[in-house]
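Reader: Could you walk me through this one? I'd like to go over it piece by piece.
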There are 2 protein chains.
Amino acid sequence: MKLENALLSTKFSNEAQKATLNILYTAWWLKSITSKELKDFDLTHEQYNVLRILKGKYPDQLCVKDIARRMIEKSSNVPRIIDRLEIKKLVKRTVSESDKRETLITITKSGLSILESSTSKLNALHKSLETITEKEAEQLNNLLEKLRVNEIE
Amino acid sequence: MKLENALLSTKFSNEAQKATLNILYTAWWLKSITSKELKDFDLTHEQYNVLRILKGKYPDQLCVKDIARRMIEKSSNVPRIIDRLEIKKLVKRTVSESDKRETLITITKSGLSILESSTSKLNALHKSLETITEKEAEQLNNLLEKLRVNEIE
DNA sequence: TTTTAATAGATGTATATACACATAAAATAA
DNA sequence: TTATTTTATGTGTATATACATCTATTAAAA
């Protein structure tokens, strides 16, 4: 869908400004279709992201800060997201022995299992929406990274 | 910045999956740098978006539903955003005469003025970050819209 | 006309973002 | 060692998302 139809607006001062709105809108759209799938697993997008990060290092543990560093949205309140996951017994907290300030997070068997089934659902969704070629995706990645070239830190 | 560095991860199953994460991360980054500017005006990203939409039709009024249709994030709770704007006297609510279910929203002089100064600050920011050409921005827009080609509604 | 359905907006709840601040532990400086 | 600073995490608050429900009003059906 053209952005003009999505936002009911045709007034963009230039292509770069339109691209900014287009990125924001596309991100909302991606989150929105993804969340719909995750709802069947009683997971939010952010909870899924934390589980995915933990699985990436499994069976190693990660402290809260290490998870935060890998989050898509860096301002996520990771301790609170872990609270919800812990209640559902998808992760476990333990205090680090080497540094008692750190809380180490482990994904449980149950967490791994729910991650696996939700991921396969999401993969199927993404496959069904595959409208751009590998080459185009690569081009898209390059453009987004060029846009962020002045990103600090 | 490369996505690999932003997310501290190198495991992407393909370029399309990486593009998905890249869009989500870029959207977060754009919102984050924008919000920093808007803070000087005591505006959130969403409040700014509503003001911008109202100005687009000024001096006409828009009902809540018309605003919602133009929001970047369609699931925004527009009545609540208008609550905050009304408290700050940046918009005014009136009940529609033709249809008493509708609430008509008008941007005030004060709203127009704060929108103008915040917009010029944002334009300056965007100009300083202009790293892609008009042609590349166009390409980016085309790729994002191709990605959303199966979007419903 | 009376009833039913649809629509617009407000409101309630859980979770998240964004950010300030508090607390405990570790690292560093005096 | 003692004091100071830094770091890791947790907690509090305002606002937002996402979605359900309630109310008033309008439109449509019986």
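Reader: Which residues touch the most other members in the largest nonpolar core?
Author: This is a predicted model, in which local features need pLDDT of at least 70, side-chain atom pairs count only at pLDDT 80 or more, and totals for chains, interfaces and linings use all residues. Residues are numbered from 1 along each chain as its sequence is written, with chains lettered from A and ligands numbered from 1 in the order in which they are written. In the largest nonpolar core, which has 72 residues, I23(A), V50(A), L54(A), I23(B), V50(B) and L54(B) touch the most other members. Such a core joins buried Ala, Val, Leu, Ile, Met, Phe, Trp, Tyr and Cys residues through C-beta atoms within 7 Å, buried meaning 20 or more other C-beta atoms within 10 Å.
Reader: What does V50(A) touch, leaving out residues up to four places away in sequence?
Author: V50(A) touches I67(A), I81(A), I82(A) and L85(A), a contact being C-beta atoms, placed from the backbone, within 7 Å.
Reader: And how many residues does each chain put into the contact?
Author: Chain A gives 51 residues and chain B 52 residues. On the side of chain A that touches chain B, α2(A) gives the most, with 17 residues, and that side divides into 23 nonpolar, 13 polar and 15 charged residues.

Methods. Two residues are in contact if their C-beta atoms, placed from the backbone, lie within 7 Å. Helices (H or I, at least four residues) and strands (E, at least two) are DSSP runs, numbered from the N terminus. Ala, Val, Leu, Ile, Met, Phe, Trp, Tyr, Cys and Pro count as nonpolar, Asp, Glu, Lys and Arg as charged, and the others, Gly among them, as polar. A residue is buried if 20 or more other C-beta atoms lie within 10 Å of its own, exposed if 12 or fewer, and partly exposed in between; C-beta atoms are placed from the backbone.
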